[in-house]
Amino acid sequence: MSESTIDNRLHEERRFEPPTEFVAQRIAGPELYEAAKDNGPEFWADQSRELLHWHKPFTEVLDWSNPPFAKWFADGHINVAYNCLDRHVEAGHGERIALHFEGEPGDQRDISYAELTAEVRRAANLLLSLGVSQGDRVVIYMPLIPEAVIAMLAVARIGAIHSVVFGGFSAESLRARIDDAEAKLVITADGGYRKGSVFALKPAVDDALEMIASPVDNVLVVKRGGNEVAMVDGRDLWWHEEIAPMSDQHHAEGFEAENPLFILYTSGTTGKPKGILHTSGGYLTQAAFTHKNVFDLHPETDVYWCTADIGWITGHSYVVYGPLANGATQVIYEGTPDSPAPGRWWDIVEKYKVSIFYTAPTAIRAFMKAGRQIPGARDLSSLRLLGSVGEPINPEAWMWYREVIGGGVAPIVDTWWQTETGAIMISALPGVTSTKPGAAQVPLPGISIDVLSEEGTHVGPEAGGLLVVTQPWPSMLRGIWGDPDRYVDTYWSRFGDKYFAGDGAHLDADHDIWLLGRVDDVMNVSGHRLSTMEIESAIVAHEMTAEAAVVGAQDDTTGQAVVAFVILKSRFVDQKPADELVAELRNWVGQQIGAIAKPREIHLVDELPKTRSGKIMRRLLQDIAEGREIGDTTTLTDTSVIRTITTSLDDE
Ligand code: WTA
């Protein structure tokens with residue numbers, strides 16, 4: 001990924017000015033940069049007051065007296081759900097559609113702000129009746145249906161903390177997250193629709209709960225898939241039965257700005273996922289600010305669609321909190337892009353007249369492969385702004401996105417951010433910036449970014465280095481759940497007072513930023529973060545495995561793909577044909593982590609290349625996985641290993 005990105009950058013001369021009509025109507029102009037310049041945290045205080053309702057206005061802005069533990073707006077009180085719901089109804093927008101829900105089988109529901117508010121109040125009353133209160137953790141394991149959004153907002157409304165676990169994760173991953181957060185309640189569904197059939201969720205919850213020590217009082221089950229599920233007496237409750245008698249009256253109380261809002265687990269460089277902790281006032285400020293300004297949101301007329309699942313940070317900030325805080329009308333879609341036919345996404349754009357569309361490069365590349373006639377057969381003329389997130393977008397995909405989806409006119413915002421940053425940090429402003437295919441470009445107003453050398457000095461233009469954030473920002477993570485030391489070590493030990501993102505970046509002659517991918521043992525597969533260590537641990541946990549090494553290899557569609565090199569214990573080597581052994585290991589990884597972590601390839605090898613000190617030479621394995629020449633091998637303890645590996649690769 002990185003080499004081709006650099007190469008493309010060198011040849012990238014194209015620039016696209018925002019269209020005149022777009023500029024005439026733009027939400028954010030250059031004055032936003034002016035307002036932020038030299039204004040420090042006060043800029044964010046102004047934004048927060050303008051964008052949000054504070055139950056008790058704050059007088060303190062940023063408390064950075066105990067770095068890296070920030071507090072924003074600490075003496076203010078706020079209710080996140082009230083900001084996303086009630087206040088829009090009170091302002092007379094109750095009839096406005098909040099969610100156009102499209103189920104994969106073709107069912108649909110339009111839910112207004114008034115209806116969504118009433119549903120969330122009922123759900124909040126239900127949670128309270130189950131004994132959930134401020135600070136309690138609630139795990140949400142659901143398909144992308146309205147109840148998932150309702151559940152998140154109901155948890156937020158009562159000051160509790162949600163931890164959404166992506167529905168593609170296995171029972172074991174779910175167990176680890178329930179345990180780590182010591183959750184009191186799990187909200188799930190019987191199942192959801194994916195690729196034309198029902199996938200079950202509830203059985204994974206049952207399996208997870210069988211394995212855990214900590215007590216989960218209740219499991220609330222939304223009926224969606226209609227699949228048969230077992231209900232445990234006294235513990236499991238049907239959502240529809242429990243919510244029916246609940247009142248739609250509920251007073252939203254203000255909580256302290258630093259009251260935790262959610263935990264979201266993400267892969268790190270060790271085998272154990274990190275519970276990234278976000279709090280309320282600062283997070284909502286930046287989610288709302290970025291959603292409004294980066295996506296040029298005109299809430300009265302726009303139809304916005306972000307294709308992310310709520311199991312990822314993009315679904316938190318740009319499906320739930322940002323758009324609803326801004327009173328947007330949006331589409332949420334349960335299924336996959338190609339179900340029942342490859343044009344499903346474009347049918348949805350046409351049907352709801354989507355005007356702002358936010359997705360990941362991996363999806364764009366998959367559509368490129370399928371051919372332009374598929375989107376070409378639909379009316380996509382409603383689209384006026386396109387966004388990209390999750391991984392670097394190569395200029396070729398960027399141009400295709402612009403021409404085929406955006407009709408050659410819609411600006412593209414390539415947004416760089418992370419689970420940890422909570423909201424967008426680097427992006428063009430669509431009515432201001434002259435965009436460049438492939439570059440995320442500029443820090444947003446109020447955000448301070450730098451690219452540093454290994455030694456911590458600014459690299460200057462036309463040079464590459466490590467991406468850092470140099471000033472605290474409102475939606476920054478407040479820590480790692482239960483592990484403050486890991487928070488400090490992971491992000492702050494490298495450069496002391498600067499946040500180290502783990503990404504490589506290049507500054508071009510115009511000071512525009514190009515992201516070059518991760519510099520640590522984290523892979524980016526289809527815009528999702530996976531840890532090499534976590535997958536290695538999973539493979540090694542299988543009884544057949546003696547040793548394993550995992551690398552992220554370049555992949556034309558998914559950005560990177562998981563490639564594993566595995567040494568089997570000798571008694572298993574000839575037990576079954578190699579393809580059966582490989583299939584067994586792939587499924588095992590699926591069970592241990594989830595289908596997204598299944599290796600694209602598993603190579604059974606006799607040895608792994610190691611340095612004299614015994615470290616696995618991942619770079620070399622990556623070269624092999626990507627089919628490159630094998631470079632200097634003098635540091636290998638045994639050069640014959642390479643031959644073994646290349647031979648086994650040739651065999652396939
Ligand atoms: C990568 C997703 C290049 C990056 C919001 C980061 C990107 C990781 C971009 C975070 C982009 C995200 N260009 N790379 N526009 N956006 N990334 O936590 O490596 O799932 O560190 O958050 O995705 O992934 P996460």
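In this predicted model, helix α9 is followed by E182, a residue whose phi is positive, near 50°. The helix itself covers residues 171-181, and its buried residues are A171, S173, L174, R175, R177, I178 and A181.

Attention can now turn to the annotated positions. The unreviewed UniProt entry places the feature "binding site" at R194, K195, G196, S197, T314 and S526. These positions are spread over 333 residues of sequence, and they are spread in space too, with up to 25.3 Å between C-alpha atoms.

Two of the annotated residues, R194 and G196, can be described in more detail. R194 belongs to strand β9, which runs over residues 191-194. Because its relative accessibility is 40%, R194 counts as partly exposed. With neighbours within four places in sequence left aside, R194 is in contact with E104, F199 and T336.

G196, in turn, sits in the loop between β9 and β10 (197-200). Its relative accessibility is 59%, so G196 counts as exposed. When residues up to four places away in sequence are not counted, G196 touches E104 and S339.

Methods:
Residues numbered from 1 in each chain as written. Predicted model: local features only at pLDDT ≥ 70, side-chain atom pairs only at ≥ 80, totals over all residues. Heavy atoms only, no water. UniProt positions renumbered as here; feature names shortened; annotations may be inferred. Helix = DSSP H or I, 4+ residues; strand = E, 2+ residues; numbered from the N terminus. Buried < 20%, exposed > 50% of the residue type's maximum accessible area, 1.4 Å probe, protein only. Contact = heavy atoms within 4.5 Å.
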